[in-house]
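This briefing goes through one protein chain, topic by topic. Keep the sequence and the structure in view while reading.

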Amino acid sequence: LPAASLPAIQTSYWHSSEARRLFRPLATEKDVVEGIDNQIELLRTASSTPHGYLTLALLVAKEKMESTKNWNSCCEEAVIAATRLGIKAGTHSRTVRNWYQNFRIQRKITVLVLPGKHNLPPFLQ
């Protein structure tokens, strides 16, 4: 007699123990996907500081400065990449360049925002 075939059970990857081990959702999160969404939001918050923009700009510079020799274009690419990630703290390459000018001297991020003012270049204020 042929063995009775059991119906195949389709399980989403997101419900697997592998996904749980890899992405480690918190007990308060309903599933792995919610855990990932919360992790992305946390990283967005951290990346929306000048640190995130400078990291992106420096990564682009390492890859392209040899051929382009244009720091502004690296900063522009960093702004575009950050915008794709939903990060909107810096919307102009000039802002990223200013942050870097301050950063490279002391290797610390200092963002001065005067009360009632935006942290934008003077022509955009």
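Does arginine 24 count as buried or exposed? Arginine 24 counts as exposed, because its relative accessibility is 65% (exposed means over 50% relative accessible area, buried under 20%, and partly exposed in between, with a 1.4 Å probe and protein chains only). The model is predicted: local features need pLDDT of at least 70, side-chain atom pairs count only at pLDDT 80 or more, and totals for chains, interfaces and linings use all residues. Residues are numbered from 1 along each chain as its sequence is written, and side-chain values use heavy atoms, with hydrogens and water left out.

**Overall layout**

- The chain has five helices and zero strands (helices are DSSP runs of H or I with at least four residues, strands are runs of E with at least two, and both are numbered from the N terminus).
- Read from the N terminus, the elements run α-α-α-α-α.
- Of the 125 residues in the chain, 22% are buried.
- Of the contacts between residues at least 6 apart in sequence, 40% join residues at least 24 apart (a contact means heavy atoms within 4.5 Å).

**Loop residues with positive phi**

- Arginine 24 sits in the loop between helix H1 (17–23) and helix H2 (32–47), and has a positive phi of about 40 degrees although it is not a glycine.
- Lysine 69 sits in the loop between H3 and H4, and its phi, near 50 degrees, is also a positive value in a residue other than glycine.
- Lysine 69 is exposed because its relative accessible area is 62%.

**The nonpolar core**

- The largest nonpolar core has 12 residues: Tyr53, Leu54, Ala57, Cys75, Ala78, Val79, Ala82, Ile87, Val96, Trp99, Tyr100 and Phe103 (such a core is a set of buried Ala, Val, Leu, Ile, Met, Phe, Trp, Tyr and Cys residues joined through side-chain atoms within 4.5 Å).
- H3, H4 and H5 each supply at least two residues of this core.
- Alanine 82 touches Tyr53, Leu56 and Ile87, leaving aside residues up to four places away in sequence.

**Packing of H3 and H5**

- H3 and H5 pack at an angle of about 95 degrees, and their axes are 10 Å apart (axes are lines fitted to C-alpha atoms, for helices over the stretch in contact, and angles run from 0 to 180 degrees between N-to-C directions).
- The two helices H3 and H5 are therefore roughly perpendicular to each other, a label for angles of 65 to 115 degrees.
- On the H3 side the contact is made by Pro50, Tyr53, Leu54, Ala57 and Leu58, and on the H5 side by Val96, Trp99, Tyr100 and Phe103.

**The salt bridge**

- The count comes to one salt bridge (a side-chain nitrogen of Lys or Arg within 4 Å of a carboxyl oxygen of Asp or Glu).
- The side chains of glutamate 77 and lysine 64 form a salt bridge, at 3.1 Å from N to O.
- Glutamate 77 is in helix H4 (residues 71–84) and lysine 64 in helix H3 (residues 50–68), 13 residues apart.
- Glutamate 77 counts as partly exposed because its relative accessibility is 31%, and lysine 64 counts as partly exposed at 26%.

**Two further residues**

- Serine 93 is in helix H5 (residues 93–106), and counts as buried because its relative accessibility is 13%.
- Beyond residues up to four places away in sequence, serine 93 touches Asn72, Cys75, Glu76 and Val79.
- Threonine 83 lies in helix H4, and is partly exposed, with a relative accessible area of 41%.

Notes
Parallel < 35°, antiparallel > 145°, perpendicular 65-115°, else oblique.
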